[in-house]
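Me: I want to learn how to read strands and charged pairs from coordinates. Can we work through one example?

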Amino acid sequence: QLQLVESGGGLVQPGGSLRLSCAASGFTLDNYAVAWFRQAPGKDRERVSCIATGGLGITDYGDSVKGRFTISRDSVKNTVFLQMNSLKPEDTAVYYCAADARYQNMCIMDSYRYRDVWGQGTLVTVSS
């Protein structure tokens with residue numbers, strides 16, 4: 001059974017940092033394109049970041065998080081991380097990771113394209 005489990009969310013003050021984890025089980029995450037999305041209450045799902053398969057390090061970020069967030073893979077841990085720095089109250093949302101094997105060496109940030117597996121989400125709250 002393919003499964004993704006997000007963790008690392010919580011309450012943080014503005015300007016703080018968090019690292020989210022997206023751990024895979026039942027499959028090798030390196031063979032899948034992975035993306036992070038987020039959804040705040042009453043708002044549409046927003047693209048956050050993506051990372052391609054292969055060793056080229058292809059990544060992309062949504063405009064609202066560029067320069068503050070970094071996505072990375074850990075093949076040994078079968079996990080993708082999202083390092084979030086300089087957090088703002090508007091970053092408050094439930095963060096989801098998704099994976100799909102259809103997109104090789106491509107960084108995809110359209111949520112409708114991810115059909116293979118989604119995580120259950122982790123809540124990030126940025127507040128003083």
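Me: How many bridges join strand 1 to strand 3?

Reply: Keep in mind that this is a predicted model. In general, strands of a sheet pair through backbone hydrogen bonds, either parallel or antiparallel. Here, five bridges join strand 1 to strand 3, residues 18–25, and the two run antiparallel.

Me: What is the strand order in the open sheet?

Reply: The order is 1-3-8-7, four strands with antiparallel pairing. Strand 1 and strand 7 (69–74) sit at the edges with a single partner strand each, so one side of each has no neighbour in the sheet. From one strand to the next, the twist averages 15 degrees.

Me: How many bridges pair strand 7 with strand 8?

Reply: Six bridges, in the antiparallel sense; strand 8 spans residues 79–84. Aspartate 74 has threonine 79 in strand 8 as its bridge partner.

Me: Now the charges. How many salt bridges does the structure hold?

Reply: Side chains of opposite charge can pair when their charged atoms come close. This structure holds eight salt bridges. Take aspartate 91 with arginine 38: their closest N and O atoms are 2.9 Å apart. Aspartate 91 is in the loop between strand 8 and strand 9 (93–100), and arginine 38 is in strand 4 (residues 33–39), so the pair ties together parts 53 residues apart in sequence.

Me: Are aspartate 91 and arginine 38 buried or exposed?

Reply: Both are buried. For aspartate 91 the relative accessible area is 0%.

Me: What is the closest N and O distance between aspartate 91 and arginine 68?

Reply: It is 2.7 Å, in another salt bridge. Arginine 68 lies in the loop between strand 6 (59–61) and strand 7, so its pairing with aspartate 91 ties together parts 23 residues apart in sequence. Arginine 68 counts as buried, at 10% relative accessibility. Through shared partners, salt bridges join Arg38, Glu46, Arg68 and Asp91 into one network.

Me: Which residue forms a salt bridge with arginine 47?

Reply: Aspartate 110, with the closest N and O atoms 2.8 Å apart. Arginine 47 is in strand 5 (residues 46–51), and aspartate 110 is in the loop between strand 9 and strand 10 (117–118), 63 residues apart. Arginine 47 is partly exposed, at 41% relative accessible area.

Conventions:
Residues numbered from 1 in each chain as written. Predicted model: local features only at pLDDT ≥ 70, side-chain atom pairs only at ≥ 80, totals over all residues. Heavy atoms only, no water. Pairing = 2+ DSSP bridges. Axes fitted to C-alpha atoms, helices over the stretch in contact; angles between N-to-C directions. Salt bridge = Lys/Arg side-chain N within 4 Å of Asp/Glu carboxyl O. Buried < 20%, exposed > 50% of the residue type's maximum accessible area, 1.4 Å probe, protein only.
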